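The questions below concern helix packing and aromatic contacts. Each answer ends on the value or name asked for.

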Amino acid sequence: MTTTMTPLNGTDRAAAVRAAHGQPAPTQHIPMGIRVTKGPGASPATPTAAPEDTPSTPTTPSTPHGVEDLLRMAAGSDLARTRHLGAKIAGLVEDLTARIEAEQEQRREREAAVAQRRELAEAEATLASQLAEVRQKLRGTGRDSAASPQRSKRRPGADQRAEIRAWAVANGFEVADRGRISRQITEAYAAATGSEVAR
């Protein structure tokens, strides 16, 4: 059996002979990505992974927090462009603040209007219910008043005639307990009391 010994990847002739006879070869550094072929009976070499570089954490320069700090630093900058930009941003911040405040005020007004309309609707419903109750009561009492219209009309006159008789007796006039009262007495009663006498 003839063994062909070809140095591979920097391997010398002695190493190739050892590999052909199944003898372990000395450990050597194998460049990444290159496969090494050994002779018969030799176990395939395991590529050694190159060590990974640990990424370095970039350092972030410290910056001031908050818009007010940035605007204050921009106003004190030595560069005119930076100062101009800071003044422009400050104006935009003022406009934005005013707009937000206006929107909040409009939102509060809308909510107040909605609440007022709700209260008015509830009050309207309450009044409608009360009005319905009053109408129901009026329907019940209307029959009684309609049944005796003459009595309700005669009552105020009868009361007034009784008052006229009492006044006439107290002031020395002669008047009957019943019947028609003379015109002289009624005119004297009206003049004395300032009342209007029903005919």
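In this predicted model, a residue is called buried when its relative accessible area is under 20% and exposed when it is over 50%.

Q: Which residues of helix α5 are buried?
A: Helix α5 covers residues 183-193. Under the cut-off of 20%, its buried residues are Ile-185, Thr-186 and Tyr-189.

Q: Within what arc do the buried residues of α5 fall, seen down its axis?
A: An α-helix has 3.6 residues a turn, so residues three or four places apart point the same way. The buried residues of α5 line one face of the helix, because the arc that holds them is 95°.

Q: Which exposed residues does the face of α5 turned away from its buried side carry?
A: Exposed residues have over 50% relative accessible area. On the face turned away from the buried side of α5, these are Arg-183, Gln-184 and Ala-191.

Q: Is the aromatic pair of Trp-167 and Phe-173 stacked or edge-to-face?
A: A pair counts as stacked if the planes are under 30 degrees apart. The rings of Trp-167 and Phe-173 lie 5.5 Å centre to centre, with 25° between the planes. The pair is therefore stacked.

Q: How many residues apart in sequence are the parts that the pair of Trp-167 and Tyr-189 ties together?
A: Trp-167 and Tyr-189 form an edge-to-face pair, 5.8 Å centre to centre with 75° between the planes. Trp-167 lies in helix α4 and Tyr-189 in helix α5, so the pair ties together parts whose separation in sequence is 22 residues.

Q: Which residues do ring pairs link into a cluster?
A: The count comes to two aromatic pairs. The cluster linked by ring pairs consists of Trp-167, Phe-173 and Tyr-189.

Definitions and conventions. Residues numbered from 1 in each chain as written. Predicted model: local features only at pLDDT ≥ 70, side-chain atom pairs only at ≥ 80, totals over all residues. Heavy atoms only, no water. Buried < 20%, exposed > 50% of the residue type's maximum accessible area, 1.4 Å probe, protein only. Helix = DSSP H or I, 4+ residues; strand = E, 2+ residues; numbered from the N terminus. Arc of directions from axis to C-beta. Phe/Tyr/Trp six-rings, centres within 6.5 Å; stacked < 30°, edge-to-face > 60°.
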